Amino acid sequence: MILATAIYYFTRNEKKVYLSESTIYTGIASGYSLNGSNKADFYATSNAFDNLLSLIDSRETKQDVAIDLLAEHLFMKQHDPLLITWDAYDDLSKLIPAETKKILVKQTVAETRESILNFMGKSENNLIYKIISSTNPYYSVEALKNIKSSRISNSDLIKISYENSDPYICKRTLELLEQSFMQKHRLLREGQTESVVKYFETETKKAFAKLDSSEQIFLDFNKKNEIINYYEQTKAVAGEKEDLYALNHNLEMDKMSSLSSLDKVNENIKGRINQSLYGSDIIREREKLSDVYNKIALSEIVNPGTSNKKQVDSLKNITYKIEKNLKNSLDKLHLESNTPSGIPTKDILDEWLKTTLAFEQSKAKLTVMDKRKKEFEEEYRKFAPLGAMLKKIEREIGVSEQEYLELLHGLNLARLTQQNTELTSKLNIVDPPFLPLKPNASKRIIQVLIGFVVGFILVLAFVLANALINKTLLEPLRARKTINLPLLGIYPLLTENANFLENAKLRLLQQFLSTINTDEKPITVGILSTQKGEGKTTIINLLEQELTKLNYSVEKQLLLGNTNYKQLEISSPLILTNTNYGQLGISKPFNLEMQLQEQKNRTIDTGIKDFILIEFPSLDNIIIKPGLFPQLQYSILLCRANRVWSKIDKLMLSIFSRTTGNNPFFILNGVDTDFAEEYIGEVPKKRDLLRTSIKRVVKFEFGNRKKLR
């Protein structure tokens, strides 16, 4: 009740709280991209939403919102009821002095915001930094922790809510929050692809420059070596070489054939004819003819085609004239004589002419062929290393081209991803923040109820813990289990209500008389305890008083310790009358020697008493002599309810029982009222209806009804 009342009191002036909400469409789960429909991926979608919600809840975002809101409010020349309530405006005026406001406020809101940022960044002890880091209800990061963001079910929507005591600030804060985190989200998403695009652009330019350089080297190489198409050229050279060697072979055969024929003809030409042949004009004509044949062969083999046809035709005309001249010379010789063999000279000369012509032609062609073979060898020596170099250059071009194409492909993909990111990173506000006109329902009653329940639980926990931790005898049921003796009765604290104490005496006497057998007299009852201060004197006086009221004769005796008996030179208990035994543990002063003298001088009453009540000292302070200990019909053990029953108590009680053969009853003394009422009765006092009801509930007395008349 105290806790609930305190909560009710301290929340009496709580401010009203307004709530504004906004809904944003993200398109993360089911949006459309440039690559086609976006397939659902649970982990990727969950990660994207977590990133977005973390960005909303980040300190930097909230700090930007707080600075933006502070800049707008500082920029106001006067109070605007559509932007801020008067109380909030007045708090802001007190929060920031006019001198500081003059420094911060600039020509525009953007400049004012930049000024606030610069001012805050100067140190961590300036006013703006303290406001942002404080618990200010409007302009602090702590206040913006009331912003709640969550994904709506499994949809593409995010819900953002904010509670504040100013409805206008509540709405504007959400608007600024959406602007801030949407811009941050867009920059983060686009920044991821922008760096990739820049990388591919740079690498693509490098690859293109490398490819261009390789191609330029290839071009310069072809120019330098006069290569149009290396592979076609080498193929043509190889073909020409084969043809050339085949032609050379044929010419060799023709030459050898002509030479053999010429030698045969020369053998047939002897003497004068031979001398005439080699010494005449025929020899000169033959040399001329050989020279012309060389030129013709050179033109036909080296430069075939129509370009030198006129030159060849001119040479052939010359050979025709030389051959004609040579034939004329031979005809003249033919007229002169025949060969020695009898063969006509004309036939021999004709054969010689034909063979000579064939031989000279073959010889001339072979001469040209040898020159052409040397040229082919030089050309082969030139083309052999060019192939390896050209292959290396082409390989470098191929590698550079492949690298360039791969980077170009990556660049296109990165640009496509960048465009896709720009499209998909746009967040759309479906439900913009609204101005809350009605405050939220007060939670005061709930807080009071929670306080009451918490207080009740704390008290109950304390009571239960105390009951579990408390190892004292405490109440009759626990004491009976712990001491393991029959319970005679209980007696409450002496500070209780007088009427309650009378009821306690009545219950104790009832239980005492119902336990003993009154047929044999005197009834000897020992009152004992294992420790001092258990209330033996109080109980023995109580029994004497109550039994006397019932017309029983009662005698009280005090059994002293062994040391006291020896000092007093007596061997029996003292008979106690109206005496005070302060030194013996009684509440009033007592002179032991005077009492002893009175006891010796008194005439001993020979009448039999109904009850003899003997008070024993604590069992831990006496030695019981077997056979000399007073014979007891009943013994009563006194135990305090607020003490712990230890092993030494069990040992003392066991020694007493074994030595005297007496098993005592026990009385639990000083019992708390809550436990004593169950054995004595309700404390007789006036209670109101509330307390009576609570007591019935606690004790589960739901069926208890009022008394009948």
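Colleague: In which helix does Phe49 lie?

Modeller: Phe49 lies in helix H2. Helices (H or I, at least four residues) and strands (E, at least two) are DSSP runs, numbered from the N terminus. This is a predicted model, in which local features need pLDDT of at least 70 and side-chain atom pairs count only at pLDDT 80 or more, while totals for chains, interfaces and linings use all residues. Residues are numbered from 1 along each chain as its sequence is written, and side-chain values use heavy atoms, with hydrogens and water left out.

Colleague: Is Phe49 buried or exposed?

Modeller: Buried means under 20% relative accessible area, exposed over 50%, and partly exposed in between (1.4 Å probe, protein chains only). Phe49 is buried, because its relative accessible area is 3%. For the chain, buried residues make up 38% of the 709 residues.

Colleague: Which residues are in contact with Phe49, leaving aside its neighbours within four places in sequence?

Modeller: Contact means heavy atoms within 4.5 Å. With those neighbours set aside, Phe49 is in contact with Thr26, Ile28, Arg151, Ser155, Asp156 and Ile158. Thr26 is 23 residues from Phe49 along the chain, and their C-alpha atoms are separated by 8.9 Å.

Colleague: Across which strands does helix H2 lie?

Modeller: Helix H2 (residues 42-57) lies across E4 and strand E5 (157-164), and runs at about 170 degrees to E4. Axes are lines fitted to C-alpha atoms, for helices over the stretch in contact, and angles run from 0 to 180 degrees between N-to-C directions.

Colleague: What is the order of the strands in the open sheet?

Modeller: Strands of a sheet pair through backbone hydrogen bonds, either parallel or antiparallel. Two strands count as paired if DSSP finds at least two bridges between them. Here the open sheet has 4 strands in the order E4-E5-E1-E6, with antiparallel pairing. Its edge strands, each pairing on one side only, are strand E4 (148-151) and strand E6 (428-431). On average, neighbouring strands of this sheet are turned by 30 degrees against each other, direction ignored.

Colleague: How many bridges join E4 to E5?

Modeller: E4 is joined to E5 by 4 bridges, and Ser149 has Ile160 of E5 as its bridge partner. E1 and E5 pair over 8 bridges; there Ile160 in E5 is the bridge partner of Ser22. Strand E1 (residues 18-25) is joined to E6 by 3 bridges, with Asn428 in E6 as the bridge partner of Tyr25.

Colleague: Which residues take a positive phi?

Modeller: Most residues other than glycine have a negative phi, and most peptide bonds are trans. Among the residues with a positive value is Ser153, near 55 degrees, in the hairpin of E4 and E5, which has 5 residues between the strands. Leu474 has a phi near 60 degrees and lies in the loop between H14 and helix H15 (476-483). For Asn484, phi is near 65 degrees; this residue is in the loop between H15 and strand E7 (487-492). Asn484 counts as exposed because its relative accessibility is 64%.

Colleague: Where does Ile457 lie?

Modeller: Ile457 lies in helix H14 (residues 444-469). With a relative accessible area of 48%, Ile457 is partly exposed.
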